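Thanks for coming, everyone. I have one structure today and two topics. Let me put it up.

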Amino acid sequence: MKKYRNGILSLVLVLLVLGVCVPLLHAGSGDDKSFLWEVRSEESTLYLLGSIHFMKKDAYPLGETIRNAFEKADILVVEANIDDVSKADMQKLLETAFYPGNDSLQNHVSGETYELVKKKFEQFNIPPLILDRQKPWILALTLESLELAGLGYTPEYGIDMHFLTLASGKKKIRELESIDSQIALLSGFPDRDQEALLLYTMKNLESFGKEVDGLVAAWRSGDAERMESLIIKSIPDDQRLAAIYEKIIFERNTSMTARIEDFLRTKESYFVIVGAGHLVGSRGIIERLKQKGYRVTQR
């Protein structure tokens with residue numbers, strides 16, 4: 001049990017930071033652009049790259065435009081530095097991911113949901129004893145990570161991890177958020193909302209393979225308009241889930257835009273990586289920066 005918990009904790013740190021709970025989307029073709037934008041202010045130049053957090057090895061090498069932008073930048077900025085897990089409060093993570101004492105999952109979800117979850121995890125040979133101790137939000141993330149691994153996608157080859165490795169010892173690294181703040185976000189939803197998220201995740205696993213391949217295709221071709229339309233369609237009608245999306249995507253867009261503006265007021269240049277879904281749409285970071293008067297160009 002202890003060994004499994006330690007493994008889950010490492011996985012959680014990656015999944016929380018990389019935003020796996022946002023559904024993966026079908027995609028169309030783009031116009032040979034990359035998912036990279038150049039943002040200019042009077043003082044600074046900032047490159048903003050949309051990330052796919054789980055990738056395959058064959059995604060590399062990345063395009064020359066992206067590589068050159070990274071080389072020009074003084075500072076790498078990520079949502080949270082998953083390469084430095086020492087910053088995470090591990091005790092707090094244990095408390096938010098696992099039920100204490102004799103409490104268990106059965107006390108927090110319906111009997112029907114519990115049976116569905118148990119059957120799903122039996123496919124991965126995870127015993128009920130371990131399943132019972134985990135909260136719904138971490139179970140949803142775990143299911144998605146297991147499916148992604150089965151499809152050959154891993155965080156090891158994610159865009160964030162790739163550039164964190166390249167920057168280590170060579171560039172300064174800063175964060176838009178933090179590991180602890182992302183843990184607090186997902187674990188802070190009430191039981192009924194966490195249960196809704198878990199059920200929605202299990203339902204969407206049926207088409208996961210096709211969707212993740214499509215998302216990667218959209219990212220490769222820089223098709224921001226297509227991704228925008230699919231994100232809007234992907235937001236569920238369930239009001240509980242809509243509220244979760246509001247916090248996971250749109251409220252974070254606001255706070256991350258403010259942080260990016262801080263960088264644009266300095267004399268240094270930045271290479272900023274955020275989940276691709278945060279960039280697109282009328283409430284996305286790109287549009288917010290344009291509305292504030294910055295010069296924004298897709299590369």
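Start with Tyr 60. Tyr 60 sits in the loop between strand S2 (45-51) and helix H2 (64-72). Keep in mind that this is a predicted model.

Is Tyr 60 buried or exposed? Its relative accessibility is 19%. The cut-off for buried is under 20%, so Tyr 60 counts as buried.

What does Tyr 60 touch, leaving aside residues up to four places away in sequence? Its contacts are Tyr 157, Gly 158, Ile 159 and His 162. Take Ile 159. In sequence, Tyr 60 and Ile 159 are 99 residues apart. In space, their C-alpha atoms are 9.7 Å apart.

Now the polar side of Tyr 60. A polar atom of the Tyr 60 side chain lies 2.5 Å from the backbone oxygen of Tyr 157. The Tyr 60 side chain also reaches the backbone oxygen of Gly 158, at 3.3 Å.

Second topic: charges. Side chains of opposite charge can pair when their charged atoms come close. How many salt bridges does the structure hold? The count is 13. I'll walk through some of them.

Glu 79 and Arg 252 meet through their side chains, 2.9 Å from N to O.

Next, Glu 261. Glu 261 is buried, at 11% relative accessibility. Which residues does Glu 261 pair with? One of them is Arg 265, with the closest N and O atoms 4.0 Å apart. Arg 265 is exposed, at 51% relative accessible area. Another is Lys 292, where the closest N and O atoms are 3.4 Å apart.

Why does the Lys 292 pair tie together separate parts of the chain? Glu 261 is in helix H12, while Lys 292 is in the loop between helix H13 (285-291) and strand S6 (295-298), so the parts it joins are 31 residues apart in sequence. Lys 292 is partly exposed, at 48% relative accessibility.

Through shared partners, salt bridges join Glu 261, Asp 262, Arg 265 and Lys 292 into one network.

To recap, Tyr 60 is a buried loop residue that touches residues including Tyr 157 and Gly 158. Over to you for questions.

Definitions and conventions:
Residues are numbered from 1 along each chain as its sequence is written. This is a predicted model: local features need pLDDT of at least 70, side-chain atom pairs count only at pLDDT 80 or more; totals for chains, interfaces and linings use all residues. Side-chain values use heavy atoms; hydrogens and water are left out. Buried means under 20% relative accessible area, exposed over 50%, partly exposed in between (1.4 Å probe, protein chains only). Helices (H or I, at least four residues) and strands (E, at least two) are DSSP runs, numbered from the N terminus. Contact means heavy atoms within 4.5 Å. A polar contact is a pair of N or O atoms within 3.5 Å; within protein, one must be able to donate a hydrogen and the other to accept it, and residues adjacent in sequence count only if both atoms are side-chain atoms.
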